[in-house]
Amino acid sequence: MFEVGDYVVHGNSGVCRVEAIQTMDGIGTDQKRTYYTLVPVYTSGSKLFVPTDSKKVVTRSVMTKKEAKKLLEEWDQIETLWVENDKKREEVYKEALRSCDSRQWVKLIKTSYERNQARIKNGKKATTSDERYLHMAEDNLFGELAIPFKMTKGEAEDYFVAQIRGE
């Protein structure tokens, strides 16, 4: 169970801070359920009320600084999600995002980046789908990495791109 003040990654909402844990009456039932009140860090003005026992959407702790450094060290060894079929690739991309798994986000980022570079090399534009999913995965990953390093999302992206390039 998470505590008030913890940072978590919740489904497609990205990084959230646990603002409260409270019991609420279930709509149309006599049951009381315990809910997390989650406030998305990068989206102002919204709150999520998530049952603490929910299995529908992944909610996990934000990675630690040590885990983030390990992910960075393993970047080159993490495989891509290469799929030839465009429709199937989009499904694989969606599943990678829904997984809330930072390694899956890295796979998606690497795949989209490599596909885009190959297309550009062949005189073609990057696909809209690859660009869209690349940006969503980067947003999720760098948003999460910013928390343990106490950086903005932009600073986290700059730092990690520089580290990957060996700068």
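Me: What covers the buried residues of α3?

Reply: This is a predicted model, in which local features need pLDDT of at least 70 and side-chain atom pairs count only at pLDDT 80 or more, while totals for chains, interfaces and linings use all residues. Residues are numbered from 1 along each chain as its sequence is written, and side-chain values use heavy atoms, with hydrogens and water left out. Helices (H or I, at least four residues) and strands (E, at least two) are DSSP runs, numbered from the N terminus. Buried means under 20% relative accessible area, exposed over 50%, and partly exposed in between (1.4 Å probe, protein chains only); contact means heavy atoms within 4.5 Å. In this model the cover over the buried residues of α3 includes β1 (7-10), β5 (59-61), α1 (65-73), α2 (86-98) and α4 (128-149).

Me: Which residues of α3 are buried?

Reply: They are S102, W105, V106, L108, I109, K110, T111, S112, R115 and N116.

Me: How many residues has helix α3, and what is its reach?

Reply: The expected span of a helix is 1.5 Å times one less than its number of residues. Helix α3 (residues 102-121) has 20 residues, and its first and last C-alpha lie 28 Å apart, close to the expected 28 Å.

Me: Which residue caps the N-terminal end of α3, and what phi does G123 take?

Reply: The cap is D101, with a side-chain oxygen 2.8 Å from the backbone nitrogen of R103. Just after α3, G123 takes a positive phi of about 80°.

Me: How many salt bridges are there?

Reply: A salt bridge is a side-chain nitrogen of Lys or Arg within 4 Å of a carboxyl oxygen of Asp or Glu. By this rule the count comes to 12. R17, E19 and K47 are linked in a network of such bridges.

Me: Where do D86 and R89 lie?

Reply: An α-helix has 3.6 residues a turn, so residues three or four places apart point the same way. Both D86 and R89 lie in helix α2, three residues apart, about one turn of the helix. Their side chains meet in a salt bridge (2.7 Å, N to O). D86 is exposed, at 52% relative accessible area, whereas R89 is buried, at 4%.

Me: Which parts does the pair of D130 and R115 tie together?

Reply: The side chains of D130 and R115 meet in a salt bridge (2.5 Å, N to O). D130 lies in helix α4 and R115 in helix α3, so the pair ties together parts that are 15 residues apart in sequence. D130 is buried, at 1% relative accessibility, and R115 is buried, with a relative accessible area of 11%.

How values were computed
Polar contact = N/O pair within 3.5 Å; in protein donor to acceptor, adjacent residues only side chain to side chain.
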